[in-house]
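Subject: Structure handover

Hello,

Here is the structure for your files. My notes on what was found in it follow below.

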Amino acid sequence: MINISFINASTAVADTLALATMNDLQAQVNDDFSPVWGVDAKLLFVGMGQKPKAETWWLTLLDNSDQAGALGYHDLTTSGYPIGKAFVKTCEQYGVSWTVDASHELLEMLVDPDINLICMDQTGSRLYAYEVGDPVQDDSCGYKIN
(Lines give C-alpha, C1' and ligand atoms only; values in the text may rest on other atoms or scores of the structure.)
Protein backbone atom coordinates (compact mmCIF):
# COMPACT_ATOMS: atom_id res chain seq x y z
CA MET A 1 0.00 0.00 0.00
CA ILE A 2 1.32 3.40 -0.99
CA ASN A 3 0.94 6.17 1.61
CA ILE A 4 0.32 9.60 0.11
CA SER A 5 0.26 12.78 2.16
CA PHE A 6 -2.54 14.99 0.84
CA ILE A 7 -1.18 18.41 1.75
CA ASN A 8 -3.30 21.55 1.81
CA ALA A 9 -0.89 24.41 1.24
CA SER A 10 -3.41 26.59 -0.64
CA THR A 11 -4.81 29.75 0.91
CA ALA A 12 -7.83 29.36 -1.39
CA VAL A 13 -9.03 26.06 0.14
CA ALA A 14 -10.18 25.61 3.73
CA ASP A 15 -8.94 22.47 5.43
CA THR A 16 -12.54 21.21 5.69
CA LEU A 17 -12.94 21.35 1.88
CA ALA A 18 -9.48 19.88 1.33
CA LEU A 19 -10.30 16.98 3.68
CA ALA A 20 -13.63 16.34 1.93
CA THR A 21 -11.84 16.36 -1.42
CA MET A 22 -9.22 13.94 -0.11
CA ASN A 23 -11.97 11.58 1.06
CA ASP A 24 -13.53 11.71 -2.42
CA LEU A 25 -10.16 11.00 -4.04
CA GLN A 26 -9.69 8.08 -1.64
CA ALA A 27 -13.07 6.70 -2.75
CA GLN A 28 -12.01 7.13 -6.40
CA VAL A 29 -8.79 5.19 -5.79
CA ASN A 30 -10.59 2.44 -3.84
CA ASP A 31 -13.66 2.02 -6.04
CA ASP A 32 -12.62 2.99 -9.57
CA PHE A 33 -8.84 3.00 -9.93
CA SER A 34 -7.32 0.22 -7.87
CA PRO A 35 -9.55 -2.60 -9.17
CA VAL A 36 -8.51 -1.78 -12.76
CA TRP A 37 -4.87 -0.79 -12.35
CA GLY A 38 -3.94 -3.01 -9.39
CA VAL A 39 -2.35 -0.12 -7.51
CA ASP A 40 -3.70 0.89 -4.11
CA ALA A 41 -3.00 3.94 -1.97
CA LYS A 42 -3.94 5.41 1.39
CA LEU A 43 -4.31 9.19 1.49
CA LEU A 44 -3.26 10.90 4.73
CA PHE A 45 -4.55 14.42 5.40
CA VAL A 46 -2.04 17.18 6.17
CA GLY A 47 -3.76 20.46 7.04
CA MET A 48 -2.51 23.99 6.54
CA GLY A 49 0.77 24.52 8.39
CA GLN A 50 1.23 20.85 9.30
CA LYS A 51 4.09 18.64 8.14
CA PRO A 52 3.67 15.37 6.23
CA LYS A 53 4.93 12.06 7.57
CA ALA A 54 8.39 11.06 6.42
CA GLU A 55 8.71 8.63 3.52
CA THR A 56 5.30 9.35 2.03
CA TRP A 57 4.48 10.46 -1.44
CA TRP A 58 2.95 13.94 -1.64
CA LEU A 59 -0.10 15.34 -3.40
CA THR A 60 -0.05 19.06 -2.65
CA LEU A 61 -2.65 21.76 -3.18
CA LEU A 62 -0.86 25.03 -3.90
CA ASP A 63 -2.11 28.46 -4.97
CA ASN A 64 -0.24 29.45 -8.12
CA SER A 65 1.67 27.51 -10.71
CA ASP A 66 5.45 27.54 -10.61
CA GLN A 67 5.57 26.68 -14.34
CA ALA A 68 3.97 28.78 -17.05
CA GLY A 69 0.66 27.34 -18.20
CA ALA A 70 0.71 24.35 -15.80
CA LEU A 71 -2.48 23.65 -13.88
CA GLY A 72 -0.71 20.79 -12.13
CA TYR A 73 1.98 18.21 -12.68
CA HIS A 74 3.75 15.29 -11.04
CA ASP A 75 7.46 15.02 -10.45
CA LEU A 76 9.98 13.55 -8.01
CA THR A 77 11.22 15.15 -4.81
CA THR A 78 14.94 15.57 -4.20
CA SER A 79 14.65 12.41 -2.05
CA GLY A 80 13.24 10.50 -5.02
CA TYR A 81 9.63 10.26 -3.83
CA PRO A 82 6.76 11.06 -6.20
CA ILE A 83 5.04 14.40 -5.75
CA GLY A 84 1.92 15.72 -7.44
CA LYS A 85 0.99 19.39 -7.46
CA ALA A 86 -2.40 20.95 -8.18
CA PHE A 87 -2.54 24.74 -8.46
CA VAL A 88 -5.90 25.89 -7.10
CA LYS A 89 -5.84 29.61 -8.01
CA THR A 90 -4.31 28.88 -11.42
CA CYS A 91 -7.08 26.37 -12.15
CA GLU A 92 -9.69 28.90 -11.05
CA GLN A 93 -8.05 31.58 -13.23
CA TYR A 94 -8.46 29.31 -16.28
CA GLY A 95 -12.00 28.32 -15.27
CA VAL A 96 -11.28 24.65 -14.62
CA SER A 97 -11.84 22.45 -11.58
CA TRP A 98 -8.88 22.07 -9.25
CA THR A 99 -10.43 18.86 -7.90
CA VAL A 100 -10.34 17.31 -11.39
CA ASP A 101 -6.72 18.41 -11.69
CA ALA A 102 -5.84 16.91 -8.28
CA SER A 103 -7.46 13.64 -9.34
CA HIS A 104 -5.55 13.72 -12.63
CA GLU A 105 -2.19 14.17 -10.92
CA LEU A 106 -2.92 11.56 -8.25
CA LEU A 107 -3.84 8.84 -10.72
CA GLU A 108 -0.94 9.58 -13.07
CA MET A 109 1.46 9.53 -10.13
CA LEU A 110 0.12 6.11 -9.08
CA VAL A 111 0.51 4.62 -12.58
CA ASP A 112 3.93 6.08 -13.34
CA PRO A 113 5.59 7.20 -10.09
CA ASP A 114 9.05 7.57 -11.64
CA ILE A 115 7.69 9.41 -14.69
CA ASN A 116 9.56 7.11 -17.04
CA LEU A 117 6.98 4.75 -18.59
CA ILE A 118 6.13 4.87 -22.27
CA CYS A 119 4.08 2.78 -24.64
CA MET A 120 4.24 2.31 -28.38
CA ASP A 121 1.37 2.49 -30.84
CA GLN A 122 0.29 -0.59 -32.79
CA THR A 123 2.49 0.28 -35.74
CA GLY A 124 5.58 0.73 -33.61
CA SER A 125 6.13 4.20 -35.02
CA ARG A 126 5.08 6.44 -32.09
CA LEU A 127 5.94 6.51 -28.41
CA TYR A 128 3.56 7.93 -25.83
CA ALA A 129 4.13 8.87 -22.19
CA TYR A 130 2.06 6.93 -19.66
CA GLU A 131 -0.18 9.90 -18.86
CA VAL A 132 -3.42 8.11 -17.96
CA GLY A 133 -5.22 11.32 -16.97
CA ASP A 134 -4.63 13.23 -20.20
CA PRO A 135 -7.40 11.65 -22.31
CA VAL A 136 -10.01 12.53 -19.67
CA GLN A 137 -8.60 15.74 -18.21
CA ASP A 138 -11.45 17.97 -19.40
CA ASP A 139 -13.89 18.95 -16.64
CA SER A 140 -16.74 17.49 -18.69
CA CYS A 141 -15.19 14.03 -18.10
CA GLY A 142 -15.13 14.55 -14.33
CA TYR A 143 -17.68 12.93 -12.04
CA LYS A 144 -18.99 13.64 -8.58
CA ILE A 145 -18.21 11.43 -5.61
CA ASN A 146 -20.19 11.96 -2.40
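In helix α1, the buried residues are Ala18, Thr21, Met22, Leu25, Gln26, Ala27, Gln28, Val29, Phe33 and Ser34; buried stands for under 20% relative accessible area, exposed for over 50%, and partly exposed for what lies in between (1.4 Å probe, protein chains only). Helices (H or I, at least four residues) and strands (E, at least two) are DSSP runs, numbered from the N terminus. The buried residues of α1 pack against β1 (2-8), β2, β3 and α3 (98-111), where contact is heavy atoms within 4.5 Å. Helix α1 covers residues 15-37 and has a kink of about 40°, centred on Val29; the bend at a residue is the angle between axes fitted to the seven residues ending there and the seven starting there. Gly38 follows α1 and has a positive phi, near 70°.

This is a predicted model, in which local features need pLDDT of at least 70, side-chain atom pairs count only at pLDDT 80 or more, and totals for chains, interfaces and linings use all residues. Residues are numbered from 1 along each chain as its sequence is written, and side-chain values use heavy atoms, with hydrogens and water left out.

On confidence: pLDDT is the predictor's confidence in each residue, from 0 to 100. The chain has a mean of 90, with 95% of its residues at 70 or more. Strand β7 (residues 127-129) is lowest, at a mean of 75, and strand β2 (residues 41-46) is highest, at 98.

The whole structure has one salt bridge, defined as a side-chain nitrogen of Lys or Arg within 4 Å of a carboxyl oxygen of Asp or Glu. It joins Lys85 and Asp66 at 3.4 Å, N to O. Lys85 is in strand β5 (residues 82-87) and Asp66 in the loop between β3 (57-62) and β4 (72-76), so the pair ties together parts 19 residues apart in sequence. Lys85 is buried at 18% relative accessibility, while Asp66 is partly exposed at 48%.

There are two aromatic pairs; rings of Phe, Tyr and Trp (its six-membered ring) pair if their centres lie within 6.5 Å, and planes under 30 degrees apart count as stacked, over 60 as edge-to-face and the rest as tilted. Phe33 and Trp37 are stacked, at 6.1 Å centre to centre and 15° between the planes. Phe33 is buried at 4%, and Trp37 is partly exposed at 39%. Tyr73 and Phe87 form a tilted pair, at 5.9 Å and 45°; Tyr73 is buried, and so is Phe87.

Regards
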